[in-house]
Amino acid sequence: AQISNHMATAELQALDADHHMHPFSTQAGFKTKGARVITRASGTRLWDSEGNEILDAMAGLWCVNIGYGRDELAEVAYRQMKELPYYNTFFQTTHVPVIALSARLAELAPGDLNHVFYAGSGSEANDTNIRMVRFYWAQKGKPDKNIIISRKNGYHGSTLGAMSLGGMSGMHAQGGVVQNVHHIDQPNWWAEGGDMTPEEFGLERAQQLEKAILELGEDRVAAFIAEPIQGAGGVIVPPETYWPEIKRICDKYEILLIADEVICGFGRTGQWFGSQTVGIQPHIMTIAKGLSSGYAPIGGSIVCDEVAEVVGSGEFNHGYTYAGHPVSAAVALENLRILDEEKIIETAREQIAPYLKQQFEALVDHPMVGEAKIVGHMGSIALTPNKETRAKFAAEAGTVGYICRERCFANNLIMRHVGDRMIISPPLVFTRDDVDLLISRARKSLDEAY
Ligand code: PLP
């Protein structure tokens with residue numbers, strides 16, 4: 001029989017467990033408990049094969065900024081696929097969707113970030129960044145300036161290069177990392193701030209960058225990469241002192257600053273880019289996810305004039321078959337048009353974010369919640385057995401978070417957990433009613449897990 005939405009859920013789940021290898025999962029688990037089969041989506045809601053309506057407070061994997069079910073994107077993809085389904089932009093050719101998208105991104109990105117090198121995903125784009133900054137310094141006669149500094153618990157993707165930039169020790173342990181990447185500590189005051197005030201701690205963590213540069217040698221360090229607000233590490237909002245100090249240090253030692261905007265970009269923090277929210281002007285920004293609201297795979301690096309000029313003065317031997325794919329580019333452009341013309345980012349920032357913040361941060365009154373923080377439409381709560389000491393739960397890391405996540409799922413709410421933090425990243429089209437439903441289902445789930 002043909003496999004379709006009409007098959008019994010148990011049959012679909014059995015086939016899935018037999019043949020589909022799930023990322024970031026223990027595959028054997030799907031044999032005992034099948035994966036939930038998602039069959040359709042609209043706005044901020046998903047439906048599963050049993051007909052349950054689920055509130056998606058994660059926008060898929062932080063990407064469906066515009067919400068589900070926008071026909072315009074489907075129609076643009078259909079038209080583009082008929083007209084020019086594929087032709088890459090290597091060597092001697094280009095095409096209109098990629099020209100239009102690049103010009104639009106140059107308008108939207110702050111300062112002189114005017115040039116786009118495309119990729120199929122955020123991971124690929126970060127791999128590009130590693131090679132591009134090393135090539136940049138080699139072109140400037142400094143081939144030894146090739147170390148990239150990043151942060152523990154940051155996430156930059158799953159390819160070997162991007163994973164090495166990331167600071168996830170569990171990933172490093174499975175197969176090792178590339179050379180010349182150095183990690184400093186993250187600005188997670190709640191978990192690691194000890195007796196310091198958030199302001200003191202923010203400065204201390206930023207100054208670790210300076211210490212690392214001095215230890216490694218100013219002539220060896222090519223770039224620093226970080227997310228304006230760490231996402232997959234648990235939505236870690238840095239203290240206000242952090243980014244100005246990082247900026248000062250990068251300027252002082254001539255270190256390229258790469259802002260990984262894969263999550264923060266395209267409205268998630270209330271501005272087009274997270275760099276604008278935290279007040280930095282990077283040399284390179286990594287983009288993906290919200291660029292197409294997840295409707296088509298596309299990522300890239302937006303590069304400033306000077307870096308583009310130096311890189312462009314030689315042949316940069318790098319590129320991907322699907323970089324600047326016409327269908328993805330056309331979908332991304334339409335997504336940007338809708339975000340702009342429907343004022344989705346402004347509406348989210350001005351009409352929803354204040355209410356979301358008030359309601360979400362009030363979760364701190366729950367006996368198990370020690371910290372609740374949100375910037376724009378990305379937020380997290382820290383779970384703790386003791387709010388005063390900011391203690392961690394004694395059980396294996398992540399257990400309580402895992403239980404909360406499972407309770408949310410059973411209550412038809414998608415929130416994620418990272419260790420003992422529960423996180424949200426809702427579509428930017430979340431309404432006040434969605435916020436109310438999120439909070440009531442989150443409270444119910446926390447109560448059940450308590
Ligand atoms: N950078 C950040 C900040 C991310 O959150 C992610 C994915 O979650 C990536 C890079 C990798 O992007 P992709 O999964 O598209 O390869």
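Me: Angles under 35 degrees count as roughly parallel. In this predicted model, what makes H15 and H17 roughly parallel to each other?

Reply: The axes of helix H15 (residues 344-361) and helix H17 (residues 432-449) cross at roughly 15°. Angles under 35 degrees count as roughly parallel, and H15 and H17 are therefore roughly parallel to each other. Their axes come within 10 Å, and H15 passes H17 in a right-handed crossing.

Me: Which residues of H15 and H17 meet?

Reply: From H15, Ile-352, Tyr-355, Leu-356 and Gln-359 take part, and they meet Arg-432, Val-435 and Ile-439 of H17. By class, this contact of H15 with H17 comprises five nonpolar, one polar and one charged residues. Tyr counts as nonpolar, Gln-359 falls in the polar class, and Arg-432 falls in the charged class.

Me: Why is H10 called roughly parallel to H11?

Reply: Helix H10 (residues 198-216) and helix H11 (residues 242-253) pack at an angle of about 15°. The limit for the term is under 35 degrees, which makes H10 roughly parallel to H11. The axes of the two helices lie 8 Å apart, and the crossing of H10 past H11 is right-handed.

Me: What makes up the contact of H10 with H11, by class?

Reply: The contact has eight nonpolar, two polar and three charged residues. H10 contributes Gly-202, Leu-203, Arg-205, Ala-206, Gln-207, Leu-209, Glu-210 and Ile-213, while H11 contributes Tyr-242, Glu-245, Ile-246, Ile-249 and Tyr-253. Gly is counted among the polar residues, so Gly-202 belongs to that class.

Me: How is the protein divided into domains, and how many residues of domain 1 are in contact with domain 2?

Reply: Domain 1 covers 36-69 + 343-449, and domain 2 covers 72-341. Their centres, taken over C-alpha atoms, are separated by 26 Å. A contact requires C-beta atoms within 7 Å; 28 residues of domain 1 are in contact with 23 residues of domain 2. H15 gives the most to the side of domain 1 that touches domain 2, namely five residues. The residues of that side divide into 14 nonpolar, nine polar and five charged.

Me: Which residues come nearest to the ligand, and what classes make up the shell around the ligand?

Reply: A residue is near a molecule if its C-beta atom lies within 6 Å. Of the 16 residues around the ligand, Ser-121, Gly-122, Ser-123, Gly-157 and Val-262 come nearest. The shell divides into six nonpolar, eight polar and two charged residues. Helix H6 (residues 122-139) supplies the largest share of the shell, three residues.

Methods: Residues are numbered from 1 along each chain as its sequence is written. This is a predicted model: local features need pLDDT of at least 70, side-chain atom pairs count only at pLDDT 80 or more; totals for chains, interfaces and linings use all residues. Axes are lines fitted to C-alpha atoms, for helices over the stretch in contact, and angles run from 0 to 180 degrees between N-to-C directions. Helices (H or I, at least four residues) and strands (E, at least two) are DSSP runs, numbered from the N terminus. Angles under 35 degrees count as roughly parallel, over 145 as roughly antiparallel, 65 to 115 as roughly perpendicular and the rest as oblique. A crossing is left-handed if the near helix is turned anticlockwise from the far one by less than a right angle, and right-handed if clockwise. Two residues are in contact if their C-beta atoms, placed from the backbone, lie within 7 Å. Domain bounds come from an automatic or database domain assignment.
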